[in-house]
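Please look at both before reading on.

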Amino acid sequence: MTRIELLGVPVDICKPEELSDEIMRILEKPGHKQIVFLTVWDLLKARNRKKKLGDALRQADLVIPVSKSILKGAKFLKLQVPVRYNPFNAVIQILNTLDQHYKSLYLLGGRKKTVQTAERNVRDTFHSLRIVGRYVGYFPKSSEEDVIQAIYKASPSLVIVGDGIKEKNLWSYNRREKFSSSIFLYYRDCLGIFAGRIHRVSEKTFDSGKEIWSEIAHSPLKIFLVFPYIHYKILLMFYRLFRKNGMPKEEKGIYHVESLENNS
């Protein structure tokens with residue numbers, strides 16, 4: 001698998017036909033593992049060296065871009081252009097892979113009725129996939145150790161982390177030493193979509209890169225995301241004009257994930 005760096009943030013290039021093999025490769029690795037759906041907003045946050053998100057992305061096993069702006073940015077900087085995934089379609093492909101190999105799943109997040117309905121619908125769809133546990137989101141700090149122990153003992157192949165987990169992608173990363181196995185994947189709307197409580201963005205809207213307008217319709221304050229987006233455009237222009245020849249090799253070029261693992 002190929003990994004590039006866009007504005008100093010890692011982005012993986014994984015073709016859809018290679019995703020299943022990549023999932024099984026990741027599963028074979030020991031310890032905590034993580035897949036990240038990378039938005040352009042997360043990319044901007046990850047550039048802040050005071051935040052852990054950048055470290056989490058660099059240590060993630062698979063960083064999948066879901067924003068069209070990331071692809072445009074890579075093309076503008078003349079980097080190899082990654083493949084963009086619809087998060088829900090990617091989850092379905094991942095679950096299909098696990099189902100075919102008789103693997104297991106743990107659901108974390110959502111309200112009680114949501115996670116119960118999501119579990120039932122997943123069981124009805126993926127007959128060979130074992131759901132080995134679930135825990136609602138929005139739980140108090142006092143319950144956290146119970147959640148961690150439940151996941152540790154169940155040792156699922158995949159943990160889907162949904163809404164109600166404040167730290168989002170950082171929840172499992174910040175507790176990675178407490179997990180001996182499992183892939184963790186944060187996708188806020190996943191359980192709500194499985195439960196039929198959230199309507200996912202249409203393929204046409206997603207393919208056109210206009211899904212942000214659906215988010216703004218539900219949360220008008222997101223219109224102010226235009227300012228970080230302008231900042232993103234300025235950063236791309238800066239890198240194009242001033243960093244092209246002076247960038248460190250790992251920022252400028254392309255490297256393979258396997259080589260990083262061999263050197264770590």
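This is a predicted model: local features need pLDDT of at least 70, side-chain atom pairs count only at pLDDT 80 or more; totals for chains, interfaces and linings use all residues.

**A guided reading of the model**

Ser155 is found in the loop between helix H7 (144–154) and strand S7 (158–161). Most residues other than glycine have a negative phi. Ser155, which is not glycine, has a positive phi, near 45 degrees. With a relative accessible area of 35%, Ser155 is partly exposed.

Ser182 lies in the loop between helix H8 (170–173) and strand S8 (183–186). Its phi is likewise positive, near 85 degrees, in a residue other than glycine. Is Ser182 buried or exposed? Its relative accessibility is 4%, so Ser182 counts as buried, whereas Ser155 is partly exposed. A further positive phi, near 60 degrees, belongs to Lys78, which follows helix H4.

Helix H4 itself deserves attention next. Two packed helices are described by the angle between their axes and the distance between the axes. For H4 (residues 68–76) and helix H12 (residues 226–243), the axes come within 10 Å and cross at roughly 20 degrees. Angles under 35 degrees count as roughly parallel, and H4 is therefore roughly parallel to H12. The crossing in which H4 passes H12 is right-handed.

Which residues make this contact? On the side of H4 they are Ser69, Ile70, Gly73 and Phe76, and on the side of H12 they are Tyr229, Tyr232, Leu236, Met237 and Arg240.

An α-helix has 3.6 residues a turn, so residues three or four places apart point the same way. With this in mind, the reader may look at the spacing of the contact residues on H4, among them Ser69, Gly73 and Phe76. The buried residues of H4 are Ser69, Ile70, Leu71, Gly73 and Ala74. These buried residues pack against H12, and also against strand S1, strand S2 (9–13), strand S3 (33–38), helix H2 (40–46) and strand S4.

Beyond its neighbours up to four places away in sequence, Asp61 touches Met1, Arg3, Asp12, Arg25, Ile26, Lys29, His32, Lys33 and Gln34.

Thr2 is found in strand S1 (residues 2–6), and Thr2 counts as buried because its relative accessibility is 14%. Thr2 and Gln80 are 78 residues apart along the chain, and their C-alpha atoms are separated by 9.3 Å. The other pair involves Asp124, whose place is in helix H6 (residues 112–125). Asp124 counts as exposed, at 51% relative accessibility. How far apart in space are Asp124 and Leu79? They are 45 residues apart in sequence and 42 Å apart in space, C-alpha to C-alpha.

Methods. Residues are numbered from 1 along each chain as its sequence is written. Side-chain values use heavy atoms; hydrogens and water are left out. Axes are lines fitted to C-alpha atoms, for helices over the stretch in contact, and angles run from 0 to 180 degrees between N-to-C directions. Helices (H or I, at least four residues) and strands (E, at least two) are DSSP runs, numbered from the N terminus. Angles under 35 degrees count as roughly parallel, over 145 as roughly antiparallel, 65 to 115 as roughly perpendicular and the rest as oblique. A crossing is left-handed if the near helix is turned anticlockwise from the far one by less than a right angle, and right-handed if clockwise. Contact means heavy atoms within 4.5 Å. Buried means under 20% relative accessible area, exposed over 50%, partly exposed in between (1.4 Å probe, protein chains only).
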